[in-house]
Amino acid sequence: MEELLRKYPQKTIYLIVAARLNIALGDQQRGLDRLRKATEQDPNLGEAWSALSTALLETGDVAGATSAMERAVHSAEVSFGVWVNFGN
């Protein structure tokens, strides 16, 4: 995973996968850092916000988790709107 991140630093999905692995292996801080970077890198990617929300909730940061989930929902609404209007 680290090699993929070095080779393709612009691939937000790799950051999310690496962050989830970090968290699963007990390195929550590194996982959170990567999820925050993913949301900065692609602020409209709902999956990044959702993953950050889940990770923050697991650390007890309810306010942060709620804020991240609101961004995830907003991103989903924007993405849905783009697809619904695609080609119109």
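**Reading a helical chain**

Author: Helix H2 (residues 12-24) and helix H3 (residues 28-41) have axes that come within 7 Å and cross at roughly 160°. The axes are lines fitted to C-alpha atoms, for helices over the stretch in contact, and the angles run from 0 to 180 degrees between N-to-C directions. That angle makes H2 roughly antiparallel to H3. Angles under 35 degrees count as roughly parallel, over 145 as roughly antiparallel, 65 to 115 as roughly perpendicular and the rest as oblique. This is a predicted model, in which local features need pLDDT of at least 70 and side-chain atom pairs count only at pLDDT 80 or more, while totals for chains, interfaces and linings use all residues. Residues are numbered from 1 along each chain as its sequence is written, and side-chain values use heavy atoms, with hydrogens and water left out.

Reader: In which hand does H2 pass H3, and which residues make the contact?

Author: The crossing of H2 with H3 is left-handed; a crossing is so named if the near helix is turned anticlockwise from the far one by less than a right angle, and right-handed if clockwise. On the H2 side the contact is made by Thr12, Leu15, Ile16, Ala18, Ala19, Asn22 and Ile23, and on the H3 side by Gln28, Arg30, Gly31, Arg34, Leu35, Lys37, Ala38 and Gln41. Contact means heavy atoms within 4.5 Å. By class, seven nonpolar, five polar and three charged residues take part in the contact of H2 with H3. Here Ala, Val, Leu, Ile, Met, Phe, Trp, Tyr, Cys and Pro count as nonpolar, Asp, Glu, Lys and Arg as charged, and the others, Gly among them, as polar.

Reader: How many helices and strands does the chain have?

Author: The chain has five helices and zero strands, and along the sequence its pattern reads α-α-α-α-α. Helices (H or I, at least four residues) and strands (E, at least two) are DSSP runs, numbered from the N terminus.

Reader: How is the packing of H2 with H4 to be read?

Author: Two packed helices are described by the angle between their axes and the distance between the axes. For H2 and H4, the axes come within 10 Å and cross at roughly 15°. The two helices are therefore roughly parallel to each other. The contact is made by Ile13, Ile16, Arg20 and Ile23 of H2 with Glu47, Ala48, Ala51, Ala55 and Glu58 of H4. Its residues divide into six nonpolar, no polar and three charged.

Reader: Are H3 and H4 roughly parallel or roughly antiparallel?

Author: The axes of H3 and H4 come within 9 Å and cross at roughly 150°. That makes H3 roughly antiparallel to H4, and H3 passes H4 in a left-handed crossing. Their contact involves Gln28, Leu32, Leu35, Arg36, Ala38 and Thr39 of H3 and Ala48, Trp49, Ala51, Leu52, Ala55, Leu56 and Glu58 of H4. By class, the contact of H3 with H4 has nine nonpolar, two polar and two charged residues.

Reader: Which residues touch the most other members of the largest nonpolar core?

Author: In soluble globular proteins, nonpolar side chains tend to be buried together. A nonpolar core is a set of buried Ala, Val, Leu, Ile, Met, Phe, Trp, Tyr and Cys residues joined through side-chain atoms within 4.5 Å. Buried means under 20% relative accessible area, exposed over 50%, partly exposed in between (1.4 Å probe, protein chains only). The largest core here has 18 residues, of which Ile16, Leu35, Leu52 and Leu56 touch the most other members. H2, H3, helix H4 (46-58) and helix H5 (62-84) are the elements that give two or more residues to this core, and the largest share, six residues, comes from H4. Leaving aside neighbours within four places in sequence, Leu52 is in contact with Leu32, Leu35, Arg36, Thr39 and Ala68.

Reader: Is Arg34 buried or exposed?

Author: Arg34, in helix H3, counts as buried at 11% relative accessibility. Beyond four places in sequence, Arg34 is in contact with Glu2, Leu5, Leu15, Ala18, Ala19 and Asn22.

Reader: What does Ser75 touch?

Author: Ser75 lies in helix H5 and is buried, with a relative accessible area of 3%. Not counting residues up to four places away in sequence, Ser75 touches Pro43, Asn44, Leu45, Gly46 and Trp49.
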